[in-house]
Amino acid sequence: EDDNIMLMDKKVGLLSHPDDTEFTDTLLTRIKRYLYEKGSYDPADENSFAPALVNRIDRNTGGIVIAAKNAQALRILNKKLKDREIKKFYLLVIHGTLKTKENILHGWLIKDEKKNKVTVLSYPAQGAKEIKTKYKVLAEKNSMSLVEVELLTGRTHQIRAHFASIGHPLLGDGKYGKNSLNRESGYKKQFLYSYRLCFCFTSDAGELNYLNGKSFEAENIWFREAFLNGEL
């Protein structure tokens, strides 16, 4: 945390933003309460900037979320995120082993809004958005793989759906995974964590230039050590 931004390590099960199912206890409401108690945010003051999230993570995924503490920081970071000058890296565990240990998966994604589910195609189609998922296998144990992913595009459920589409669903993923495999393992939450963030600016960032080149990593990824120790 500094005068411009906060980086939070969101835990699995917590919503980033309020929605129809939960309005009170979310990451954003926790941030507002924290800053209110510090005396740096007053919701009663119409001139007081309401802290805002720059990125968001699904409820069932943990990891690093960026919050802006002033309007200038929000404007700059929103643009940097859009221009892919903030790199996000994920850790995940997938079923099976990949023949190619480092590669970029390429496809097209269609979202079904009613079902909140996406389908990945290997060819362009009407309404489909192009996706690119860069991965590197870090370790392999017990017919599973620990994989690092860099999102080159950021679409809904991209990582989960993309790996499922090539026959290697995430461990514990009830929506895109294989229920038979998940039942065997006994895991009910998806093994996915947004664990590392890099501010890699290629253009001027104004008062946030001091962040350029800095990288931040979450310390406690709930499944990494268990995987490496062969305990999964």
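Helices (H or I, at least four residues) and strands (E, at least two) are DSSP runs, numbered from the N terminus.

Before going on, the ground rules. This is a predicted model, in which local features need pLDDT of at least 70 and side-chain atom pairs count only at pLDDT 80 or more, while totals for chains, interfaces and linings use all residues. Residues are numbered from 1 along each chain as its sequence is written, and side-chain values use heavy atoms, leaving out hydrogens and water.

Back to H1, residues 27–38. Its 12 residues reach 17 Å from the first C-alpha to the last, close to the 16 Å expected at 1.5 Å a residue; the expected span is 1.5 Å times one less than the number of residues. Leu27, Leu28, Ile31 and Leu35 are its buried residues. Seen down the axis of H1, they fall within an arc of 100 degrees, so they line one face of the helix. That arc is taken from the directions from the helix axis to the C-beta atoms. The buried residues pack against strands E1 (5–10), E2 (52–53) and E3 (62–68), where contact means heavy atoms within 4.5 Å. After H1 comes Gly39, with a positive phi near 90 degrees.

Next, H2. The buried residues of H2 are Ala73, Leu74, Ile76, Leu77, Lys80 and Leu81, and they pack against E1, E2, E3, E4 and E9. In the loop between H2 and E4 lies Arg84, a residue other than glycine with a positive phi, near 60 degrees. Arg84 counts as partly exposed, at 42% relative accessibility.

Which residues touch the most other members of the largest nonpolar core? Of its 33 residues, they are Leu77, Ile86, Val93, Phe199 and Phe223. The elements giving two or more residues to this core are E3, helix H2 (71–82), strand E4 (86–95), strand E8 (144–151) and E9. A nonpolar core is a set of buried Ala, Val, Leu, Ile, Met, Phe, Trp, Tyr and Cys residues joined through side-chain atoms within 4.5 Å. There is also a second, separate core of 14 residues, including Leu98, Leu105, Leu151 and Ile159.

Now the aromatics. Rings of Phe, Tyr and Trp (its six-membered ring) pair if their centres lie within 6.5 Å; planes under 30 degrees apart count as stacked, over 60 as edge-to-face and the rest as tilted. By this rule there are six aromatic pairs. In one of them, Phe191 and Phe223 have ring centres 5.4 Å apart and planes at 50 degrees, so the pair is tilted. Phe191 is in the loop between helix H4 (179–185) and strand E9 (192–199), and Phe223 is in the loop between strand E10 (215–217) and helix H5 (224–228), so the pair ties together parts that are 32 residues apart in sequence. Phe191 is buried at 0% relative accessibility, and Phe223 is buried at 0% too. Phe191, Trp222 and Phe223 form one aromatic cluster.

Last, the charged end of Lys189 sits over the ring of Trp222, 4.3 Å from its centre. The rule is NZ of Lys or CZ of Arg within 6 Å of the ring centre and within 35 degrees of the ring normal.

Terms used
Buried < 20%, exposed > 50% of the residue type's maximum accessible area, 1.4 Å probe, protein only.
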